[in-house]
Amino acid sequence: MMTSFAKYWNRRSTGGALLFATATIFVAAAVSREPTAAAAAERTLASDDDPASWGGPPTFRRLSEDQYKRSIAQIFGADIVVPGRFEPPVREDGLLAIGSARVIVTPAGLEQYAIRAHEISAQIVEGKRRNDDLKCAPAAPGTFDDACASQFLGKYGRLLFRRPLTRPELAAVMTLSRSAAKASGSFAKGVESGLASLLLSPSFVFRLETTEPDPLHKTAQRLDSYSLATRISFLLWDAPPDAELLNAASSGALRDPAGLQRQVDRLIASPHFEQGVRAFFSDMLAYDQFGGLSKDASLFPIFNPRLRDDAQEQSLRTIVDHLLVQQGDYRDLFTTKKTFLSRSLGALYGVKVDSRAFNGWMPYTFPADDPHSGLLTLAGFSMLDASHEGRSSPTIRGKTVRENLLCQPVPPPPANVNFDLVQNVNDPVLKTARARLTAHQDNPVCAGCHRMMDPVGLSLENFTPVGGYRTQENGVTIDASGTFEGKSYKNVTEFTHLLHDSPTVTSCVVQRAYEYGVGRKVATSEEGWLETANQGFAKDGYRFPALMRLIATSPEFERVSAARLAPPLKVASTK
Amino acid sequence: MTSWTRRSILQGVLRGSAITVALPLLDCLLDINGEAMAAGRPIPTRFGTWFWGCGINQRRFFPDKFGTDFEFKAETMPLTPHKDKVTIFSGFNAILDGQPNLTHWSGVMSMLTGTAPSQGGNGIGRAPASTLDCLIADHIGTDTRFKSLQIACTGQSSVSYSMRAGNTVNPSEIDPVSLYTRLFGPQFQDPNSGKFTPDPNVMLQQSVLSSVKESRDQLMRKVGAADKARLDQYFTSVREIEQQLAVQLQPPAPAEACVVPKAPKALEPGTTWEDATKMHDVLTDLLVMALACNQTRVFHVALSSAVSNLRRAGQSVALHELTHEEPIDAKLGYQVEATYFLERSMGVYATLIKKLDSVKEGNGTLLDHSLVMAMSESNLAKLHTLESIPMIVAGSAGGKWRAGQHINGKGDTVARVGLTIQQAMGMPVASWGTGANTTDKTVTEVV
C-alpha cells in the first residue's frame, strides 16, 4: 500500500517532460479503441494534427439543486418559488461535480421534478408575475396564437436547454401546447403545459454535452460551441450561460480566441463570479456536510445550527474576500490572519463582535500571537466531521486535508481491523488522541495509511470539535508537532506555513478546479497540461481568478475524447 | 364502472364541467373460502424492508433452537408477542465471491441484490443490481399511486438501501409534514369517500409527461454508451410517474382499513436514539395508513445508516464508533454501550409489526397480508463479519408464508432468503443472485 501511495505522490513531482512523454504513449494505447481504425493508427505516431491532450468523454451531468434554482432565477426572475425536494448529490473521486456525471433520476426524484415543472410554469404563465413575453397572448378565450406561443417557448427553450431548440423539439412542444389549450379552453394553460414539458426535459435537468470535429486538429474532437459555453458558465458562475454567452456561441464569437477571452473576462468580472467561486470551494472542501451537521449539545453547549451556518459562511467569506476582493495569493489562505466574525462566532473565538456596521459580519484580524491563522484553524474546518458528534477525530481531519486539499486519496480501512485500543477515550494509560493513535500505528495493517492521516490531524488537535481552542486533553498537554513532506514542525502555525509552501497544495487546487469544470477525473493525457497550468498559476502569483481564466480559455477545457456528435443543429429559433 | 375511460373523463372535465362520480359504498365481501376480498378484489400483499445499522451480538440475538419451538434472546425479546408471525433466519452468509469486504456495504448489498458489490464502503456505494424492494415493486407496485415509499429516521434523505443498479439511492422521506402532503395532500383520492372527482390538472400533467417521453429516441442518439443507461432510467422514471398519474384518474377501489390520518405536527430530525425513534413512530404511522389506503404496496424504512450515527443524548460517541472502539466487557462478553442500541432495535421493529397487525383487513390483519424483512448489514459490526447476517421476516404474505420459525441456513448464501421472498410474493423467479451467491434453493420451510 505504501508503494502505491509513494508512486502516486511522487508522480506529481516527476519532471514535466518525462511525464509528458510517458503520457503520450499511454494515450496512444487508450485511444486505439476509438471508432476509426485509420485515425487511431495515425495517432500511434505523433502527428502535427494531434492536440496536446485527448481529453475525456463528454459528460451528462444532472444539475445540482443550486444549479437548478439558479437557472430558474436567472432565466425567469429570483422571485419564482422552486418547490419540492431534490435528490441527494453523490460525491465521487472527491467532487460532487464528478458524481453529478454518474447519478440518475429515480422515479421519486422525477415525481418532484414534475411537481416543480408545473408549479414553476404556473407562476410564470398565470401567476402574479406573469411573463412580459406573454403580452401577445390572444384575448379571446378558446383561441390559440401560434406565433405568440412559438416565440415564447422558443426563447425560453433556448435559455433552458442552453442551446436553441431543434425543429422537432419546437414542433413537439407546440403540439402539446395546442392540444392542452384546446382541452382546457385556455391559451395560458396550453403554454403552461408546453413550458412544463421543457422544464421536465432531460435537456434541461441534465447538461448533455455534444461534440464536433476540431478543425484545428483533424484527429480530435471538441465540444460544440453551446456545450463549451455551458461548461464555461457553470465553471465560473455555477449557472447556465446567459443570453450574451449563448449569442457568442451561436455567432461563432466563442471560437475566436479573442472572443472567447472577452466572454470569460466578462463572466469573471461579473458579480455572479462570486457564487461560482463559492460553489467550487463548497464542493472541493465538501461543505455539503454542513447540511444537517450537529454536535452533542450537552458536551458543546455553544453549538447550534446558527453557529454551524456561521462557521461555513465564515470560511466562504474568508475565501471570497481573500481570493476575489483582495486578489490574494491562494497559498495565503492557509496562513491568513484575516477573517470575518458574526456574533455567535465572536463567542466561540472569545472576541467582542460589534457587527452592526458590517451587515452582521465584522472584518477581523487575529492577533499575531493567536493560534488562529488560515482556513484549517477556523471553526468551519474543525467542526466539519459528520461522523463524530462528540469529539474530534485526528484521523478524519487528516483524511480531509489529504483528500480535499492535497488530492491524495486515502484507501478505505481493511474490514477486519480490531479498533479496541484505538480510541477508548477513558483509557487510563493512553490519555490523548496521539497516544491512542500511536498505539494503533504499531499495527502494520493500519500503519501505512494512518501515518499519512494521523500526524496531519494531530497537528490540529488544539481545536475542539466545534472550533474552540484548547491546550490540553484529559489533563495532558496536547502535542501538535509532527513532520509534513519531510519537514518537521512544532505546532499548528508552523504546520500551516508548511502547507503554504507545499507545491502539492497548489497543484491540488489546479487539478480540482479542472476536474470540477470538466466533470470527470483528470485523464492521463492531461497530466502534461496540468503541469503547464501549475506553472501558469505560479506565474500569475497564485491568483485564483487567473487560474479560472486559464482553465476556461484553454483548448484542453473543450477537448473531448469520444465522439458524441450532435446531429447538425436544425435551429428552430435563434433568440 | 366499465364505461369509464380516460378519454371520456378528460373531455368532460377539462371543458370545465367537473364530474363527480358516485362509487359503490364500501363493500367488503368474503368469498366462499373465507379469503378476504375487498370490493370483489383480493386483498393485496405488501412487502417492505426495515434496516438497522451495525448488526447484533449473535449469542444474544439468535434463539438456540431451530423450528417452531424456540425462545427469543435478549436482543430479540421485544418480538415475543409476535412470535407466531415472525421468521428468524440465521446461518445465512453474504459470500464475497472474490470481492473485498466493503465495510458496512457488502452485507446489505449481498442480501438485497444477491450480488457481492465491488464498489463502496462505510454505508454508501454502488449497487451491483436492483435491490429486492425494487424488484418486488416492479412486480406488485404498478397499480398503486406510489410504486414504493422510502423512509429514513435521522433526517438524511440519502440514507436509503433501496436502489437500482448504480450509485443513486431512491431518496428517503425524512419529514412527516412533507410525507403527509405527498400521501394525503390535495392529490389524495379517499377510497372510501363514496365519490370520485378526477383532477383535470392530472390529465394535463399526463400529457406533459407523454410529450417529454417522445423525445427519448432523439436524445438517446446524442449520449455516449456509458450515459445511455442513465438517460434511459430518466425515461423509465417518466413512465412510472405517468402510471402513477393514471392511477389517480381511476376511481380508487374501496379500502376497508383505510382511515385518513390527521396531519402530523412538524418534527425536527435528530440522531439521538430518542429523536430517531420518535421520528420512526410518526413516519411509520403515515406509512401504515399509506399501505392500508392502497397508496403503495412496497416500502423501505431505514432506522439508521449502516454506519449508524445514532447516539445517546450527552454521549460523545455514536453507535458506529462504539462498535469499533468500545472494549468488549470481559465478564459480559459484549460491548455494553453499543449494545444499548442493538438490543433496542428489535423493539422499534416490533412497534411497526404491532401497528401493521392492528389494522384489520378481511379475516386477518395488514401484517398477515405483508412480508416485512428486518435486516442489518453485518453480524458483528466491530469486525464487519458477514456470516449469519441477521434477517427477520414478519408477516405471512396472505397465507403464502409459514411464519413462527427459526430457520438454519447452514452457511448458505443470503440470496436464498431473497429468492424465497420473491417467490412468496408471486414472482416467477427460479434462481437468483450472481456468482457464488447464485441460488435456486428455496427456503422450503417457509413456503
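The legends below describe close-up views of a predicted model.

**View 1. The seven-stranded sheet of chain B.** Seven strands of chain B form an open sheet in the order 9-11-5-14-15-6-16, and their pairing is mixed. Strand 9 (149–152) and strand 16 (405–408) of chain B lie at the edges; each has a single partner strand, so one side of each has no neighbour in the sheet. From one strand to the next, the twist averages 15°.

**View 2. Helix 4 of chain B on the sheet.** Helix 4 of chain B, residues 132–140, packs on the sheet. The helix touches strand 5 (46–51) and strand 11 (298–302) of chain B. The direction of helix 4 makes about 160° with that of strand 11 of chain B.

**View 3. Strand 11 of chain B and its two partners.** Strand 11 of chain B pairs in the parallel sense with strand 5 of chain B over five bridges. With strand 9 of chain B, strand 11 also pairs in the parallel sense, here over four bridges.

View 4. Strand 11 of chain B is accordingly described as mostly covered, with five of its five residues buried.

**View 5. The antiparallel pair formed by strands 14 and 15 of chain B.** Strand 14 (residues 370–375) and strand 15 (residues 391–394) of chain B run in the antiparallel sense and pair over four bridges. Within this pair, B:Met375 stands opposite B:Met391 of strand 15.

**View 6. The contact between chain A and chain B.** Chain A contributes 60 residues to the contact and chain B contributes 57 residues. On the side of chain A that touches chain B, the elements giving two or more residues are helix 6 (107–125), helix 8 (167–184), helix 9 (187–199) and helix 10 (202–205) of chain A. Helix 8 of chain A gives the most to this side, with eight residues. By residue type, the side of chain A that touches chain B comprises 29 nonpolar, 20 polar and eleven charged residues.

Conventions: Residues numbered from 1 in each chain as written. Chains lettered and ligands numbered in written order. Predicted model: local features only at pLDDT ≥ 70, side-chain atom pairs only at ≥ 80, totals over all residues. Pairing = 2+ DSSP bridges. Axes fitted to C-alpha atoms, helices over the stretch in contact; angles between N-to-C directions. Contact = placed C-beta atoms within 7 Å. Nonpolar A, V, L, I, M, F, W, Y, C, P; charged D, E, K, R; others polar. Buried ≥ 20, exposed ≤ 12 C-beta atoms within 10 Å, placed from the backbone.
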